[in-house]
Amino acid sequence: MNGATLFGLCGAGLIGLGLYGLICHPGALRKVLAFNLIGSGVFLLFGAIARRGGGVLSSAGTGIDSDPVPQALVITGLVVAFAATAIAVALLLRLAETTGRTTLDPNGSDPAPPAGRKEA
Amino acid sequence: MSALLDGFTVVAVSLGALFFLAGTLGLLRFPDTLARLHALSAADNLGLGLVVLGLLPQVASPLGWIGLIAVWLLALLASGTVSQLLAGAVRPLDGAETQARDNPAEGPFS
Amino acid sequence: MTISLVVDIGLALVVLSLALWIIAATTVYRAVIGFIVYGLLLAIVWVRLGAADVALTEAALGGGLTGLLLLGAAARLSHHECVPVFGRPAAGPVVGFRLLVGILCTLIAAGLAAVVLLLPEPAPSLASEVASNLPATGVGNPVTAVLLAYRAIDTLLEAVVLVPAMIGVWSLATDQGWSGRPGFLTPARRTSALTLLAQVLPPVGIVFGIHLFWIGADHPGGKFQAAVVLAAMWALVLLAGLREPPRVGSPPLRLAVVVGPLVFIGIGVSGIWLADAFLAYPAGYAKPMILAIEAVLTLSITVALVFLLAGPPAADRSADGRR
Amino acid sequence: MTEFLLAAAAFVLGTVALGVLRILRGPADADRLLAAQLLGTGGVASLLLLGVATNAAGVTDLALLLVLLAAFASVAFVTGAAVRATKAAGPTRPSAPNPQRGGEA
């Protein structure tokens, strides 16, 4: 057991947890959070692989701790995840503003509909 | 000389770690939010400060010193502001909710 | 070496328990607070994995900007709130379905864990190729070399993706709101502490952002991390109410958003003639060209991030109070 | 020395990780935020300790970045509290007199 394996396992756990939240949470913002958890879990898997790839080399004295190619992929992925989150949040707020719902279930009742909506 | 510096590091870092312990205990044990805020500030300012102080002899380059001290100074600024903001956000719950209107007057820059 | 393993195990446990909290918390607000701490700890995890560049990006995005975005959204949604996930069957799918999902998710996690444990033993790696070709690029940070030389096409797409994302956010504006300013970064009531912070921190932050940009060539850092810091400083000024949010129609800002990708594409296309392929740099000019691309991209990403954070333009809520 | 610094890092990290209990317990959201703040400072401290102990690259810059953004969660919290207060103040959702609202399908 070393750090790379440990955090790889941690990433696997995060993916499982995030997937559960993504499927089971009715609230859309919670789904966004869960989606981010899955993302970071995947990134950690990349990190574990990068670390292993660098571990081969650091003994060879190149001064690289960790394979830079997966690292670069993860950085790109973080940016894309942020952009996706921003769009999701904007969509969600617009949904709440227009319909008063914060869930994606079209016939599901919102647990606490804002006052005055029903009569409108 | 080096042993002396190492001893200084040990003492300062240990003291700093103690302040983090104290801060956590305060956070967990103090009765209300404002008291917990107090515990947090102590840990923030003294704990991190002592750790930074203790690490200074272990860093060779002057640039590293500047970085470490800048970390502490920025943490002080952030901690002070956060305490003010949170205390202000906690207090209205006790009664004076009225001023929680957003009232963005023109800034001093504009 | 054992003590560092203890640190790693502790870190992994805290990260996992925070993730559990993010899923299980009773209100979305609490979940978001958990998410901010989670981002911070993940940054430390990346340091432990030897990936300082990723750590910087994760700290800036995970705890910083994403936290800001989500806390704002949670506050706006708090009046129709919401829904425990464990325990109360009234909201969301029924218990049996959840149990099934739980089992399947556990299986997926276990499968991935098995993959991690069974990874091939001399680990495949491109690190030696990167290291041996590093002198040709002129930059010293291998991650920067991958981002802007070996896999520049990925970075180009990453820079471009922010523009459609921004347009996507803008397109959610109402017809009435279109002429207004973005509304997500509304100031709190003005307090002297927040004003002080928003006046003292941005100069420091701007210097630090430029520092991150500059050392990115040879050390951990780079354009994206710098842009996040600059965008965060701008957002702070907006949140303190010292400045109005930028109008989405402002021509200079729109130009700033697209100039980075345009320069990147321009240099890339010129590579077809000057070197021998799209996005190839002529020999000897790699470093100045990478620096030029990074400089304009920093500007573009900063503006695009602020627009993403600020949300779609909205009719001035308190138009009377504001001007 | 390395061992001592690593141990100190583990100690600080373990201590502030106990603060996670406050995130779980609350009771007010401000309390949870306090715990987040403490974890942030403690995280920075243990990061510096780890960085000096293992000579890891870029740790000081990461610590600087973290403290630079440390106040943001609280700023966003206070802003959000103001938004929530204004939303809770009105009889319906007072956020905007938005004509499009009526067209709910």
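Of the 105 residues in chain D, 65% are buried; a residue counts as buried if 20 or more other C-beta atoms lie within 10 Å of its own, as exposed if 12 or fewer do, and as partly exposed in between, with C-beta atoms placed from the backbone. This is a predicted model, in which local features need pLDDT of at least 70 and side-chain atom pairs count only at pLDDT 80 or more, while totals for chains, interfaces and linings use all residues. Residues are numbered from 1 along each chain as its sequence is written, and chains are lettered from A and ligands numbered from 1 in the order in which they are written.

Let's stay with chain D for a moment. Its secondary structure consists of five helices and zero strands, where helices (H or I, at least four residues) and strands (E, at least two) are DSSP runs numbered from the N terminus. Two residues are in contact if their C-beta atoms, placed from the backbone, lie within 7 Å. Among the contacts in chain D with a separation of 6 or more, 47% join residues 24 or more positions apart.

One residue to look up in chain D is D:T41, in helix α3 (residues 29–54). D:T41 counts as buried because 28 C-beta neighbours lie inside 10 Å. Leaving aside neighbours within four places in sequence, D:T41 is in contact with B:A43, B:D44, B:G47, B:L48 and B:A75.

Chain B also meets chain D through α1(B). The buried residues of this helix pack against α2 (33–55) of chain B, and against α1 (2–18), α2 (20–25) and α3 of chain D. Among those buried residues are B:V13, B:F19, B:F20 and B:L27.

Helix α8(C) has a kink of about 30° at C:L201, shortly before the proline C:P202. The bend at a residue is the angle between axes fitted to the seven residues ending there and the seven starting there. C:L201 is itself buried, as are C:L197, C:G205 and C:F208, among others in α8(C).

Chain C is divided into domain 1 (1–92) and domain 2 (141–316), with bounds that come from an automatic or database domain assignment. Taken over C-alpha atoms, the domain centres are 25 Å apart. Their contact takes eleven residues from domain 1 and 14 residues from domain 2.

Chain C also touches chain A, in a contact that takes 80 residues from chain C and 74 residues from chain A. On the chain C side, α3(C) gives the most, with 13 residues. That side divides into 57 nonpolar, 13 polar and ten charged residues; Ala, Val, Leu, Ile, Met, Phe, Trp, Tyr, Cys and Pro count as nonpolar, Asp, Glu, Lys and Arg as charged, and the others, Gly among them, as polar.

Finally, a word on confidence in chain A. pLDDT is the predictor's confidence in each residue, from 0 to 100. Chain A averages a pLDDT of 77, and 77% of the residues score at least 70. Among the elements of chain A, helix α1 (residues 3–24) has the highest mean pLDDT (89) and helix α2 (residues 28–58) the lowest (84). Over residues 109–120 of chain A, pLDDT stays under 50, and the model has 22 contacts beyond four places in sequence for this stretch.
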